[in-house]
Every structure is written in structure tokens, then in C-alpha cells.
Amino acid sequence: MAYVITSICERKGACYDVCPTDSIHFVEEDDNAFEEWSTYYINPETCIDCGACYAECPTEAIFMEDEVPDEYEDDIKKNLEFFTDGPGKDMV
Ligand code: SF4
């Protein structure tokens, strides 16, 4: 189980700044991959479920995986894909 950043994310960066395990990754806006990967993503392998990102997110975009609202369920898969098949596989 890990926290998941949903597509509510507006890339404010507060989560990134507080994560004690550097588990939050993203692509830069000038990266070719940005159009497909436009939010921040949490590496489920290194996240320790501390909740610091959840508490800091100004847009309330972060949920525990089993508490993600139904309309954002696809974001769970997208988060995983970022690290298995997306730009994040080179960031872990
Ligand atoms: Fe980082 Fe903690 Fe958020 Fe996991 S729950 S991504 S360790 S701040």
C-alpha cells in the first residue's frame, strides 16, 4: 500500500519538498513526455506511508491507494506505469 497522487494534481510541489524518502518524481514541463505524464507520481517501492505529502497537498490530490475516489481509480494504474513503463523507470 502506498499513497497515490491523482490527476487532481496541479504540480504545486509541496509534496516533493516534504517527502523524506524522495519518492515523488515527475518530468519537467519541457520534456517530450510531459504531455502524457503531467502530474507528480509516488514510487510505491520507496514510499513509507508517512502521510507528509498528503498533509501538505494544497489541492488535496493525494490519497491512500485504497481510498482513491472511484473517478480517479485509473490514476492508481497510471502511477504504477510511470515507474514500470514510463519515465520513472529510470528514476528509481
Ligand atoms: Fe513520501 Fe511520505 Fe508521501 Fe510516501 S507518504 S510519498 S514517503 S511524503
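Read along the sequence, the chain follows the pattern β-α-β-β-α-β-α, with three helices and four strands (DSSP runs numbered from the N terminus: H or I of at least four residues for helices, E of at least two for strands). The model is predicted, so local features need pLDDT of at least 70 and side-chain atom pairs count only at pLDDT 80 or more, while totals for chains, interfaces and linings use all residues. Residues are numbered from 1 along each chain as its sequence is written, and side-chain values use heavy atoms, leaving out hydrogens and water.

**Overall dimensions**
- Along the principal axes, the C-alpha atoms fill a box of roughly 30 × 30 × 25 Å.
- Buried residues make up 41% of the 92 residues (buried means under 20% relative accessible area, exposed over 50%, partly exposed in between, with a 1.4 Å probe and protein chains only).

**Positive phi values**
- Arg11 lies in the loop between strand 1 (3–5) and helix 1 (14–18); its phi is near 55°, a positive value in a residue other than glycine.
- Arg11 is buried, with a relative accessible area of 16%.
- Asp22 is placed in the loop between helix 1 and strand 2 (24–25), and its phi is near 50°, also positive in a residue other than glycine.
- Asp22 counts as exposed because its relative accessibility is 59%.
- Most residues other than glycine have a negative phi.

- Glu71 is found in the loop between strand 4 (62–64) and helix 3 (74–84).
- Glu71 counts as exposed, at 62% relative accessibility.
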